[in-house]
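Welcome! Here is a short briefing to read alongside the sequence and the 3D view.

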Amino acid sequence: MEKRKAGMPAYLRRQQKIAVLFLLPNLLGFLIFILYPVFRAFAISLTNWDGFSTRDFIGIKNYTSLFLDESFLISLKNTMWYTVITVPFSVIFGILMALLMNVRLPGIKIFRTIYFLPQVTSMIAIGLVWSMVLANYGPVNQILMALGVANPPKWISSSTWALISVEIVTIWRSMGYNAIILLAGLQGISTELYEAAKLDGANSVQSFWYLTLPMISPTIFFCLVTQMISSFKVFDVIMAMTQGGPGRSTNVLAYYIYNRSFVDYRFGYASAAAFVLFFIILIMTAVQFVGQKKWVDQ
């Protein structure tokens with residue numbers, strides 16, 4: 001290594017030093033604000049710290065207690081169900097929107113901007129607006145009653161419909177982001193490939209299924225992974241729309257962790273729940289990376 005450095009031109013050594021200087025602030029930020037808190041939180045998860053008293057080491061008791069906690073199991077089930085619904089539908093609708101936005105029409109750039117606007121809008125603001133829209137006597141139910149629906153759903157005030165309502169809002173917000181990412185993938189496909197497929201007798205459906213989807217499969221995979229991670233960490237829309245209710249019907253893992261820490265002051269227990277969430281995301285992401293070898297074109 002030293003020999004290689006000695007034989008390295010002076011300008012390359014200068015570039016290495018400059019690169020290290022540029023990387024150093026980000027590396028220090030990562031070590032101080034991410035890596036250190038992670039190890040600190042793991043240490044706290046092995047104690048019964050309440051934020052005020054001394055920390056008594058209790059080993060893995062917090063972790064074993066979690067899986068005997070009915071509220072934790074309900075929040076885990078709600079998170080899984082939320083993820084199962086929002087991830088595929090937001091990506092599917094994102095693909096459809098990307099196909100529409102890929103058409104060359106006058107003013108299409110304006111529509112692309114409009115579709116993406118929910119993504120750059122605060123989720124708290126979106127949640128509050130949708131709470132009013134989906135209220136018992138809000139615009140949605142007013143329209144349904146005008147169409148003859150005598151007893152429209154109570155949406156966010158019903159334990160049956162509350163989680164579905166949150167899922168609808170999440171899909172509506174996320175599909176614009178996925179559409180923009182997928183649009184970039186679509187525009188990277190050469191038109192010559194479509195022309196060749198047309199000469200071979202492929203119709204529009206066949207071109208989409210056998211050409212478009214395989215070509216954008218890496219982009220679809222990216223959207224699936226990022227959407228899945230985001231779904232497991234969902235908090236803001238729950239806080240804005242339902243606060244985990246009615247009952248515990250929309251209580252998800254991130255909101256459960258928030259309640260255990262900043263409401264009950266059980267920081268050790270909440271840290272254990274956070275690490276369980278971390279390992280769930282890690283396992284699910286690893287499964288996706290293993291599975292993508294079978295359907296993603298490299």
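Read along the sequence, the chain runs α-α-α-α-α-α-α-α-α-α-α-α-α, with 13 helices and 0 strands; helices (H or I, at least four residues) and strands (E, at least two) are DSSP runs, numbered from the N terminus. The radius of gyration is 24 Å, well over the 19 Å that the globule rule gives for 298 residues, so the chain is more spread out than a compact globule. That radius is taken over C-alpha atoms, and the globule rule is 2.2 Å times the number of residues to the power 0.38.

This is a predicted model, in which local features need pLDDT of at least 70 and side-chain atom pairs count only at pLDDT 80 or more, while totals for chains, interfaces and linings use all residues. Residues are numbered from 1 along each chain as its sequence is written, and side-chain values use heavy atoms, leaving out hydrogens and water.

**The whole chain**
- Along its principal axes, the C-alpha trace spans about 85 × 75 × 35 Å.
- Buried residues make up 39% of the 298 residues; buried means under 20% relative accessible area, exposed over 50%, and partly exposed in between (1.4 Å probe, protein chains only).
- Of the contacts (heavy atoms within 4.5 Å) with a separation of 6 or more, 69% are between residues 24 or more positions apart.

**The loop between helix 11 and helix 12**
- Ser249 lies in this loop, between helix 11 (236-241) and helix 12 (253-263).
- With 14% relative accessibility, Ser249 counts as buried.
- Leaving aside residues up to four places away in sequence, Ser249 touches Asn78, Ser159, Ala162, Leu163 and Gly244.
- The Ser249 side chain also reaches the backbone oxygen of Gly245 at 3.5 Å.
- Pro246 is found in this loop too, and the peptide bond from Gly245 to Pro246 is cis, with omega near -5°.
- Gln243, another residue of the loop between helix 11 and helix 12, has a positive phi near 50° and is partly exposed, at 44% relative accessible area.

**Backbone angles elsewhere**
- As background, most residues other than glycine have a negative phi, and most peptide bonds are trans.
- Trp155, in the loop between helix 7 (139-146) and helix 8 (162-187), has a positive phi near 50°.
- Trp155 counts as buried, at 11% relative accessibility.

**Around helix 9**
- Ser190 caps the N-terminal end of helix 9 (residues 191-199), with a side-chain oxygen 3.2 Å from the backbone nitrogen of Glu192.
- Just after helix 9, Gly201 takes a positive phi of about 95°.

Methods. A polar contact is a pair of N or O atoms within 3.5 Å; within protein, one must be able to donate a hydrogen and the other to accept it, and residues adjacent in sequence count only if both atoms are side-chain atoms.
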